[in-house]
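Biologist: Please take me through the labels used here. For each one I want the value, the cut-off and the conclusion.

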Amino acid sequence: MELKDVLRVNYSKDKLKAWIELLDSSFFDEVTEEDVGFLIEKAKINFGLVEWQQSDWKQILANHQPLIIAKGIPPENGEDGYLEWKITLNSSISEEEKFSFRDVTKIPSVNKGDKIATIVPATEGERRNGCVR
């Protein structure tokens, strides 16, 4: 029996989670905690290891459920930048403001040096190297 024929380490697509699953239950009784530790070491999982030894790991695998062995930390997105307008851009005219049938829209006007908008810059997200491998 080779360990790779009994157990396999799998990863999520984003590499933020790793688990072990049972492939062949015929030799599962012979698998020890040291074998699982060796499999994790061989898989070069170096971040986010969970305390799988404290769980009933053998029962979890015997029930053909994945044994979570590592959880990474996802990156955090920043905020988008935007324009904060300092003038009113509403071009419609209310009924009270209409003096003649030609008053249909309002055209905003500004003077030289007037502040019309402020640029609010985007904030950086946190790019963490939170992958389990």
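**Labels and their cut-offs**

Biologist: What makes glutamate 21 count as partly exposed?

Modeller: Glutamate 21 has a relative accessibility of 22%. Buried means under 20% relative accessible area, exposed over 50%, and partly exposed in between (1.4 Å probe, protein chains only). The 22% lies in between, so glutamate 21 is partly exposed. This is a predicted model, in which local features need pLDDT of at least 70 and side-chain atom pairs count only at pLDDT 80 or more, while totals for chains, interfaces and linings use all residues. Residues are numbered from 1 along each chain as its sequence is written, and side-chain values use heavy atoms, with hydrogens and water left out.

Biologist: Why do arginine 8 and glutamate 21 meet in a salt bridge?

Modeller: The term asks for a side-chain nitrogen of Lys or Arg within 4 Å of a carboxyl oxygen of Asp or Glu. Here the N to O distance is 2.3 Å, so the pair qualifies. Arginine 8 lies in strand E1 and glutamate 21 in strand E2, so the bridge ties together parts 13 residues apart in sequence; strands here are DSSP runs (E, at least two residues), helices being H or I runs of at least four, numbered from the N terminus. Arginine 8, at 38%, is partly exposed.

Biologist: How many salt bridges does the structure hold?

Modeller: Two. The other joins lysine 86 and glutamate 84, at 3.1 Å from N to O. Lysine 86 is partly exposed at 44%, as is glutamate 84 at 34%.

Biologist: What joins the side chains of asparagine 10 and glutamate 21?

Modeller: A polar contact of 2.8 Å. That term means a pair of N or O atoms within 3.5 Å; within protein, one must be able to donate a hydrogen and the other to accept it, and residues adjacent in sequence count only if both atoms are side-chain atoms. Asparagine 10 is in strand E1, and its 18% makes it buried.

Biologist: Why is the pair of tryptophan 52 and tryptophan 57 called edge-to-face?

Modeller: Rings of Phe, Tyr and Trp (its six-membered ring) pair if their centres lie within 6.5 Å; planes under 30 degrees apart count as stacked, over 60 as edge-to-face and the rest as tilted. The count by this rule is one pair. Its centres are 5.9 Å apart and its planes are at 85°, so the pair is edge-to-face. Tryptophan 52 is buried at 6%, and tryptophan 57 at 9%.

Biologist: How do you know that the charged end of lysine 58 sits over the ring of phenylalanine 28?

Modeller: The rule wants NZ of Lys or CZ of Arg within 6 Å of the ring centre and within 35 degrees of the ring normal. Lysine 58 is assigned to this class, with 5.4 Å to the ring centre.

Biologist: Which residues have the most contacts inside the largest nonpolar core?

Modeller: Leu7, Ile20, Val31, Val36, Ile45 and Ile69, in a core of 21 residues. A nonpolar core is a set of buried Ala, Val, Leu, Ile, Met, Phe, Trp, Tyr and Cys residues joined through side-chain atoms within 4.5 Å. Elements giving two or more residues to this core include helix H2 (33-42) and strand E3 (67-71). Valine 36 touches Leu7, Ile20, Val31, Trp52 and Trp57, not counting residues up to four places away in sequence; contact means heavy atoms within 4.5 Å.
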